[in-house]
Amino acid sequence: MTEAITVVPANEASWEDIQAVFGPRGTARICQCQRYKLAPKESFGSFPPEERALRLREQTNAGHPDATETAGLVAYLDGEPVGWCAVEQRPAYSGLLRVYRTPWEGRAEDKSDDGIWSVTCVFVRAGFRKRGIAYALAAAAIDHARTRGARALEAYPMRTEAGEITWEEIHVGAQSIFAAAGMNEVSWPGIRRVVMRIDY
């Protein structure tokens, strides 16, 4: 029997499904996909995981399928919630704009251009990895951004051939999943990080 992977905007998923993907413990549960959302002078130490979860719930509009905005995608395998992808207009990631050099190194980019969208996280639930879910999320992110008016979509993944990568590092995704979805390398700001992009 072939397993069926479906991907939906996060507002079409329930909050319980999103939290099931993040799991009861570990980095995803702690982060709640807020790493690139931190405001100036904020840190993970300055507000608890419960506050991060509350923010994500508001950002996703989980359980509100009629909402016009959401912060990501949720993947299902035969109806079971198994994956998450953070994808939004690039300026929505204030921390990305402010403190991370990877997207900007060697490129003259307008950081305020909301026509450019970004993928900042691709996460697959423990027990469901190496089953094509990350690939499905990367492909769905391209379609999601396109249908919402993006002129381009970027990702900032790890080059896995550059050495051993931990699950905490690979939250940005592997280069291979974005290449398989049709994105191209546009810069190589570090030994293990690359900027991938597709223009519509």
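Is Cys31 buried or exposed?

A: Cys31 is buried, with a relative accessible area of 16%. Buried means under 20% relative accessible area, exposed means over 50%, and partly exposed lies in between, using a 1.4 Å probe and protein chains only. A word on the basis: this is a predicted model, where local features need pLDDT of at least 70, side-chain atom pairs count only at pLDDT 80 or more, and totals for chains, interfaces and linings use all residues. Residues are numbered from 1 along each chain as its sequence is written, and side-chain values use heavy atoms, with hydrogens and water left out.

Now the sulfur atoms. A disulfide is a covalent bond between the sulfur atoms of two cysteines. Here it is counted as a pair of cysteine sulfur atoms within 2.5 Å. The structure holds 0 of them. For Cys31, the closest cysteine sulfur is in Cys33, at 5.8 Å, which is too far for a bond. Cys33 has a cysteine sulfur at 4.2 Å, in Cys121, and that is also the closest to Cys33. This distance too is too far for a bond. Cys33 is buried as well, at 14% relative accessible area.

Cys33 sits in the loop between α2 (27–31) and α3 (49–60). Helices (H or I, at least four residues) and strands (E, at least two) are DSSP runs, numbered from the N terminus. The backbone of Cys33 stands out. Most residues other than glycine have a negative phi. Phi of Cys33 is positive, near 55°. Lys41 is another case: its phi is about 70°, and Lys41 is not a glycine. Lys41 also lies in the loop between α2 and α3. This lysine is exposed, with a relative accessible area of 87%.

Next, the charged pairs. A salt bridge is a side-chain nitrogen of Lys or Arg within 4 Å of a carboxyl oxygen of Asp or Glu. The structure holds 14 of them. One pairs Glu154 with Arg197, whose closest N and O atoms are 2.8 Å apart. Glu154 lies in strand β5 (residues 152–155) and Arg197 in strand β7 (residues 195–199), so this pair ties together parts that are 43 residues apart in sequence. Glu154 is buried, at 0% relative accessible area. Arg197 is buried too, at 14%. The pair belongs to a network of salt bridges that links Arg90, Arg107, Glu109, Glu154, Arg197 and Asp199.

Other pairs lie further out. Arg146 bridges to Asp143, with the closest N and O atoms 2.7 Å apart. Both are in helix α5 (residues 133–147), 3 residues apart, about one turn of the helix. Arg146 is partly exposed at 38% relative accessibility, and Asp143 is partly exposed at 42%. Arg101 and Glu105 form a salt bridge as well, and their closest N and O atoms are 3.4 Å apart. Arg101 has a relative accessible area of 48%, which makes it partly exposed. Glu105 is partly exposed at 39%.

Now to Arg125, in the loop between β4 (116–124) and α5. Arg125 touches Ala20, Val21, Glu80, Pro81 and Val82, leaving aside residues up to four places away in sequence. Contact here means heavy atoms within 4.5 Å.

Ser176 is partly exposed, at 34% relative accessibility. A polar contact of 3.5 Å joins the side chains of Ser176 and Tyr135.

Technical notes: A polar contact is a pair of N or O atoms within 3.5 Å; within protein, one must be able to donate a hydrogen and the other to accept it, and residues adjacent in sequence count only if both atoms are side-chain atoms.
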